[in-house]
There are 2 protein chains.
Amino acid sequence: MERIGHRALRDRVMSADEAAALIRPGDTVGMSGFTGSGYPKAIPPALAARIDAAHAAGEAFRIKLWTGASTGPELDGALSRADAVEYRLPYNSDPVGREKINRGEIDYLDMHLSHVAPMVWEGFFGKLDVAVIEVTGIKEDGSLIPATSVGNNKTWIECADKVILEVNAWHDMRLEGMHDIYYGTALPPNRVPIPMTHADDRIGQTTFRCDPAKVAGIVLTDLPDRNTPFTPIDDGSRAIAGLIVDFLEHEVRMGRMGEGLLPLQSGVGNVANAVLDGLRKSRFEGMRAYTEVLQDGMLDLLDSGKLLSCSTTALSLSPEGAKRFWAGLDDYRDKVILRTTEISNHPEVIRRLGVISMNGMIEADIYGNINSTLVMGSRIMNGIGGSGDFARNAYLSFFVSPSTAKGGKISTIVPQASHVDHITQDVQVIVTEQGLADLRGLSPKKRAEAIIAKCAHPDYRDGLQDYYDRARAGAYGLQTPQLPSESLSWHQRFIETGDMRPG
Amino acid sequence: MERIGHRALRDRVMSADEAAALIRPGDTVGMSGFTGSGYPKAIPPALAARIDAAHAAGEAFRIKLWTGASTGPELDGALSRADAVEYRLPYNSDPVGREKINRGEIDYLDMHLSHVAPMVWEGFFGKLDVAVIEVTGIKEDGSLIPATSVGNNKTWIECADKVILEVNAWHDMRLEGMHDIYYGTALPPNRVPIPMTHADDRIGQTTFRCDPAKVAGIVLTDLPDRNTPFTPIDDGSRAIAGLIVDFLEHEVRMGRMGEGLLPLQSGVGNVANAVLDGLRKSRFEGMRAYTEVLQDGMLDLLDSGKLLSCSTTALSLSPEGAKRFWAGLDDYRDKVILRTTEISNHPEVIRRLGVISMNGMIEADIYGNINSTLVMGSRIMNGIGGSGDFARNAYLSFFVSPSTAKGGKISTIVPQASHVDHITQDVQVIVTEQGLADLRGLSPKKRAEAIIAKCAHPDYRDGLQDYYDRARAGAYGLQTPQLPSESLSWHQRFIETGDMRPG
């Protein structure tokens, strides 16, 4: 209760069940949460139980669910399992949610994360009924100390009719002061420049504004974030990291960057962690990060002294990483800045800073179009997230992946991407454990030659070269030679046989 | 000669042949020109003749050619015909150039126009040897009065080892003062906010800086821009325009825009002209444009008083439009602003202003992915131009086209786009003469239902619905159901039979 500084709001403390009862069938609910951090952990399970009971009684009860990005099993998992979600935006990585989406049971809108807050504010998605936001505490004036992610919380609190808070004592009170909540955004025609010129500039305030009259309920919790362990760095990831570090060293030698590089953006996952580890062992000094997630590799880089600061919208730590983060918080407080996603992912800022963007992929085609989201063109993995915000506006845009998946049954390099998230114009460097293709300035056919030679796995290289040679000989046009009768045949073969390789 | 105010530079006046002789085999040459305006008209034909002679003598002679965007027959046409172009960026609409590109004889890099100036400056494409720039005049201090397009001229002049100028007396000297050349851009980490908050803000100077010591030659000309006539507005284009105006009226009623709308961006072509005509006849008042081309329809809108100003990087007028423009120049001078492409197409400015973006397309698939460039996935039409800069950052992003092409043999709506320039996340509204699909907030399957029902031509609607129904029943995943064994079969059928319809 001492985390609720605003006296009158203490009267609104209630149980998770009571808070869940404030959400009505058909409501659009904006919840906090971004990559397993800072999502509400008590109300969603209570809501799921309530909806289970309604369904058992034959009543219809589903909600539209908006978040910052992915959340945890208590939120997306529990609500998906209860068939409680009719519509979901802008990102999901929960396995239960993914399965329901891919069965066609949840309407899922996979969005550029930078589009979410402005488009909701612009009224393009209808009214937001309820915001359910996890916070670290409530101040005397009713303003809110954010938790371990910021995401779209500012927008949810502003746009929702009513606000329900989870005050989570698991979050260290020393988080206060780390956040940078910018209230200078506006709807057109009233927008002005975002006053940021360095990745670690602070341009906002440390808390969310919140009208206490809108707070319909408060639930007290003490529950950990979903913190997913990372697997140890494998040889393939280490090879990718080595190729990237070598390439960056080359760019520094060419005078295209200084020793501190340019602000780093790194996606989530084991390859990304390996790259951060490679940077830690590199000779670069004085680096900064401007990214949307802070994962363990970033902590290591901060600890090494080579990374001066990290701007992010969320933490995304392993259980050990979380422990280290709390233990070192007095030091990290000055180096880590947690921003709203509308700023962490804003094209204006990303292009101005000249970010070095590194993101994973499901597949790349020989011309360098990237599929980040849909396996075989149809089955969603997670979502595009912020990769489009960063890749198109980056100084250098890398896409990285092992060259095969499923034990070699899937080639990451394919004749034609079965779905496109990043067009060839937004992709400057592709890296697999086989090699690095620097695509800057190359026309499509030169790109194809580089990608096949440098990035493809040997098991698939001849097949790609054969396809490309025949396409060059017989395509409808030779700017980007494709043979539509077979450009997706590798995907079809995988669907039929479970292996892209001919039997 | 009186257009050369800088006395010493008068000594560098030479013939086009002499100027062409300053360009060496293998040079990278940055020429002015954007949509048929402001491109050099004397040196390129002289260079083509010189290269023809070299080729006849068995000598190798080709150049790498960079421009703002498309040019005219004297430039892209003459040089392409002479097999003078080894490499071309960032855009081509010349028929001879297109044919050579599609035969694989010119390496063509089709780029986001906003990427060109920064990436050249960053050194990603190698050294620029020569700039060949058409101007209206040279001032006493050596600064240059731009012509009817700005494009990348500022960057070419800054980056090239030597500069050759064509001073074209066809351009009215009253152009001076209309241009806004912003010198505040920088390489990261030194970039700062672009100080623009309204479409018609002036933030730069009226002339190009140019070191007179770099000027290697000056050619005096009096030659018209390539000004292409528009065809009269047909019923299909009028229908599309009507649907867009109705939709915008709806948005104003919903309070999502004021009566002056938000700054308009409109691509080139007859459909775009029809939309501008529709806006002229609408009830909207106090509009502004923030676009990359000013075509006849914009002049009409300016004349009507409903459009207050037009920011652009180039004029793109019909011969009659050009006459009107010169005749009305005293009035247009205050309303038309000609900017560098790095500013006219800058994502920072486009997103801040909240532009209403309207671009043409070759095809859209049922999920709303757009192909703007490659017919049947292989054969280049023109290029992506600025459409990606605008669509992703727009307040509202429209893609428009008649629902069929080639007399009904090609459907604009297809099961899967044979190439993707604009991913579904960047496409909010699709319009054909059949109807308008408002895709905001819709998940992929809901998008498919809307696009098939609203936009497809009746000849193709059942086929699309049949494909979609079967994909929903049997795809590998149901987020974006596709059947890779047949999703490109319509394109294959067209390649084989010349008709997407089953025989």
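User: Where is B:P212 found in chain B?
Analyst: Before anything else, this is a predicted model. B:P212 is in a loop of chain B, the one between β8 (179-180) and β9 (215-221).

User: And which residues is B:P212 in contact with, leaving aside its neighbours within four places in sequence?
Analyst: B:H6, B:L9, B:R12 and B:G142. Take B:H6: B:P212 and B:H6 are 206 residues apart in sequence, yet their C-alpha atoms are 8.6 Å apart in space.

User: OK, switching to the interface. How many residues of chain B are in contact with chain A?
Analyst: 81 residues of chain B, in contact with 81 residues of chain A. The two chains bury about 7,000 Å² between them, and 55% of that is on carbon and sulfur atoms.

User: Which three residues of chain B supply more of its buried area than any other three?
Analyst: B:R351, B:R392 and B:Y476. Together they supply 12% of the area chain B buries against chain A.

User: How many salt bridges between chain B and chain A?
Analyst: Four. One of them joins B:E348 to A:R352, with 3.1 Å between the closest N and O atoms.

User: Which helix gives the most to the side of chain B that touches chain A?
Analyst: Helix α13 of chain B, residues 347-353, with five residues on that side. By type, the residues on the side of chain B that touches chain A divide into 35 nonpolar, 29 polar and 17 charged.

User: What rotation superposes chain B on chain A?
Analyst: A rotation of 180° with 0.0 Å of shift along its axis, and the RMSD is 0.0 Å. The two copies are therefore related as by a two-fold rotation axis.

User: Which residue of chain B comes closest to the rotation axis?
Analyst: B:E348, whose C-alpha is 2.2 Å from the axis.

User: Last thing, annotation. What does UniProt place at residues 321-467 of chain A?
Analyst: The UniProt record, an unreviewed entry, has "domain: Acetyl-CoA hydrolase/transferase C-terminal" there. In the model, residues 321-467 of chain A are 34% helix and 25% strand, and the end C-alpha atoms of that span lie 46 Å apart.

Terms used. Residues are numbered from 1 along each chain as its sequence is written. Chains are lettered from A and ligands numbered from 1 in the order in which they are written. This is a predicted model: local features need pLDDT of at least 70, side-chain atom pairs count only at pLDDT 80 or more; totals for chains, interfaces and linings use all residues. Side-chain values use heavy atoms; hydrogens and water are left out. Contact means heavy atoms within 4.5 Å. Buried area is the accessible area (1.4 Å probe) that two parts lose on being put together, summed over both. A salt bridge is a side-chain nitrogen of Lys or Arg within 4 Å of a carboxyl oxygen of Asp or Glu. Helices (H or I, at least four residues) and strands (E, at least two) are DSSP runs, numbered from the N terminus. Ala, Val, Leu, Ile, Met, Phe, Trp, Tyr, Cys and Pro count as nonpolar, Asp, Glu, Lys and Arg as charged, and the others, Gly among them, as polar. Copies are superposed by least squares on the C-alpha atoms of residues with pLDDT of at least 70 in both. UniProt positions are given in the numbering used here, feature names are shortened, and annotations may be inferred rather than shown by experiment.
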